[in-house]
Amino acid sequence: MSDPTLHSITQDPDDFAVQIADSIESFIVATTEVAKGDEPGSAVPFLLLELSQLLLAGGRLGAHEDFVPEEQYETDTGPDMDVDELRERFAALLEPVDVFSEVFDPYEPRKAPVPARISDSLADIITDLRHGLAHYRAGRTSEALWWWQFSYFSNWGPTASATLRALQSLIAHIRLDQPLAELDGLDTDEDLTEEDLAEEAGRVMAREIAGPLGLVRRKA
């Protein structure tokens, strides 16, 4: 459920800041519920949907002119909430497909893909979003919008885009009946080349993943 203290009754629901804050809070609440693991059969499709909706808010932030906070220095919001438990819950829920390969900058030539984890990515995104939400709830709207926009470009935007691509690819593999390359056991701290990733890859049949994660292949 939404935080009843998030908005003042005098705020215009059509206001840009209100809409962005609503989208961000909705993502945090929804993905936190997914992490509980009560409905593992819908986890992957639901995360795909939530990340898609979050990136719409990110696109609006990215297309907007630069936000400038009222204060010269960022107000301290206190320590960020610990997301380790959330990260572990996602890792357990997505264990068969948690690791994927990512290219950080598609415009940097000859950049090899590196291993990443969906669970790490989701926890990092939520940390960034919560930080801005702390400003927003304290009434520092310009500070919140500045932070969300800045971190969209520098961290949570690229991270969410890569994670969305991984989830979309996963569902496509299942629906199109294409075996997946397994990265199970791959150490995300290792600096691996594309050839190393290929050597680590095994074969995971769709049937081993489709059931537990709620991905049903469409019949021809």
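Colleague: In which helix is Ile24 found?

Modeller: This is a predicted model, where local features need pLDDT of at least 70, side-chain atom pairs count only at pLDDT 80 or more, and totals for chains, interfaces and linings use all residues. Residues are numbered from 1 along each chain as its sequence is written, and side-chain values use heavy atoms, with hydrogens and water left out. Helices are DSSP runs (H or I, at least four residues) numbered from the N terminus. Residues 16-35 form the helix that holds Ile24, helix 1.

Colleague: Is Ile24 buried or exposed?

Modeller: Buried means under 20% relative accessible area, exposed over 50%, and partly exposed in between (1.4 Å probe, protein chains only). Because its relative accessibility is 1%, Ile24 counts as buried.

Colleague: Leaving aside neighbours within four places in sequence, which residues is Ile24 in contact with?

Modeller: Contact means heavy atoms within 4.5 Å. Ile24 and Leu54 are 30 residues apart in sequence, with their C-alpha atoms 6.7 Å apart. With neighbours within four places left aside, the contacts of Ile24 are Leu54, Leu129 and Trp148.

Colleague: Which residues touch the most other members of the largest nonpolar core?

Modeller: A nonpolar core is a set of buried Ala, Val, Leu, Ile, Met, Phe, Trp, Tyr and Cys residues joined through side-chain atoms within 4.5 Å. The largest has 46 residues, and those touching the most other members are Leu129 and Trp148.

Colleague: Which helix gives the most to this core?

Modeller: Helix 1, helix 2, helix 3, helix 4 and helix 5 each give two or more residues. The most, 13 residues, come from helix 5.
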